[in-house]
Amino acid sequence: MKLSKISTLLCLCISASSWALSNDTEQPIYINSDNQELDIQKNVVTFTGNVILRQGSIDIRADKLVVSRPTGADGKETIDAYGNPATFHQVMDNGKPIDGAARRMRYETASEFLKMTDEAILIQEGSEIQGKVISYKIDEQKLVAESGKKKRVTTILQPNQLNSNQQ
């Protein structure tokens with residue numbers, strides 16, 4: 001019985017991005033940085049130095065951010081963020097934040113796919129998932145965490161979350 005409650009809690013933690021403010025991805029994307037470089041022929045914009053991306057409640061901070069539109073069409077951007085680490089913050093519909101960090105993050109807007117690579121961590125209400133790679137398919141609400149060669153995937157569940165699900 002306790003195992004099923006832990007499994008339920010883990011699923012809630014894993015599917016947390018599905019609770020994101022429902023209109024975040026419908027909002028404009030604002031990017032501030034120290035520098036910007038545009039390659040019009042390749043449809044690539046590179047932002048460097050104290051980069052801040054905001055879209056609704058989404059807040060991404062990075063040392064470098066590359067936005068590309070391979071087909072040139074709006075809504076099909078690929079956003080690559082690099083940092084030491086790059087960070088991600090979003091507020092869920094229930095008002096609770098979710099935070100992530102990794103040395104590299106890739107968000108494909110058309111497929112609603114987020115991939116965090118190299119020392120990836122996802123945190124919600126003190127519970128954590130850590131791995132070499134954390135991938136999340138937003139529309140399918142599926143998360144996969146992968147280990148590196150020398151480390152395993154680590155999940156830390158806080159007791160207050162376990163107790164609140166038992167009631």
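1. Pairing of β2 with β3. In this predicted model, N35 has T48 of β3 as its bridge partner. The two strands β2 and β3 run antiparallel and are joined by five bridges. They form a hairpin with four residues between the strands, and within this hairpin N43 adopts a positive phi near 55°.

2. Surroundings of N43. Residue N43 is placed in the loop between β2 (35–39) and β3. With a relative accessible area of 33%, N43 is partly exposed. In sequence N43 is 25 residues from S68, yet the C-alpha atoms of N43 and S68 are 5.7 Å apart in space.

3. Other partners of β3. Strand β1 (residues 30–32) also pairs with β3; the two run antiparallel and share three bridges. Within this pairing, Y30 stands opposite R54. Strand β4 is joined to β3 by ten bridges, again in antiparallel orientation. Here L53 has I60 of β4 as its bridge partner. The hairpin of β3 and β4 has two residues between the strands, and G56 in the turn shows a positive phi of about 60°.

4. Nonpolar core. Which residues touch the most other members of the largest nonpolar core? They are I60, L65, A81, M105, M116 and I134, in a core of 26 residues. Two or more residues of this core come from each of β3 (44–55), β4 (58–68), β5, β6, β7 and β8. Strand β4 makes the greatest contribution to this core, with five residues. As a general point, nonpolar side chains tend to be buried together in soluble globular proteins.

5. Contacts of L65. Neighbours within four places in sequence are set aside here. On that basis L65 is in contact with I31, V45, T46, F47, V51, L53, I60, I79, D80 and A81. Two residues of this list, I60 and A81, are named with L65 among the core members that touch the most others. The contact list of L65 also includes D80, a residue that takes part in a salt bridge with R104.

6. The D80–R104 salt bridge. Side chains of opposite charge can pair when their charged atoms come close. A search of the whole structure finds nine salt bridges. In one of them, D80 and R104 have their closest N and O atoms 3.3 Å apart. D80 belongs to strand β5 (residues 78–91) and R104 to strand β6 (residues 97–108), so this pair ties together parts that are 24 residues apart in sequence. Are the two partners buried or exposed? D80 is buried, with a relative accessible area of 6%, whereas R104 is partly exposed at 30% relative accessibility.

7. Together, D80, R104, R106 and E108 are linked in a network of salt bridges.

8. The D118–K132 salt bridge. Another of the salt bridges is formed by D118 and K132, whose closest N and O atoms are 2.6 Å apart. D118 is partly exposed at 27% relative accessibility. K132 is likewise partly exposed, with a relative accessible area of 39%.

9. Position of Q124. Strand β7 also holds Q124. At 6% relative accessibility, Q124 counts as buried. Although Q124 and I98 are 26 residues apart in sequence, their C-alpha atoms are 4.8 Å apart in space.

10. Aromatic rings. How many aromatic pairs does a search of the whole structure find? The search finds zero. An aromatic ring does, however, take part in an arrangement with a charge: the charged end of K64 sits over the ring of Y82, 5.7 Å from the centre of that ring.

Terms used:
Residues numbered from 1 in each chain as written. Predicted model: local features only at pLDDT ≥ 70, side-chain atom pairs only at ≥ 80, totals over all residues. Heavy atoms only, no water. Salt bridge = Lys/Arg side-chain N within 4 Å of Asp/Glu carboxyl O. Buried < 20%, exposed > 50% of the residue type's maximum accessible area, 1.4 Å probe, protein only. Core = buried A, V, L, I, M, F, W, Y, C linked by side-chain atoms within 4.5 Å. Contact = heavy atoms within 4.5 Å. Pairing = 2+ DSSP bridges. Phe/Tyr/Trp six-rings, centres within 6.5 Å; stacked < 30°, edge-to-face > 60°. Lys NZ or Arg CZ within 6 Å of the ring centre and 35° of its normal.
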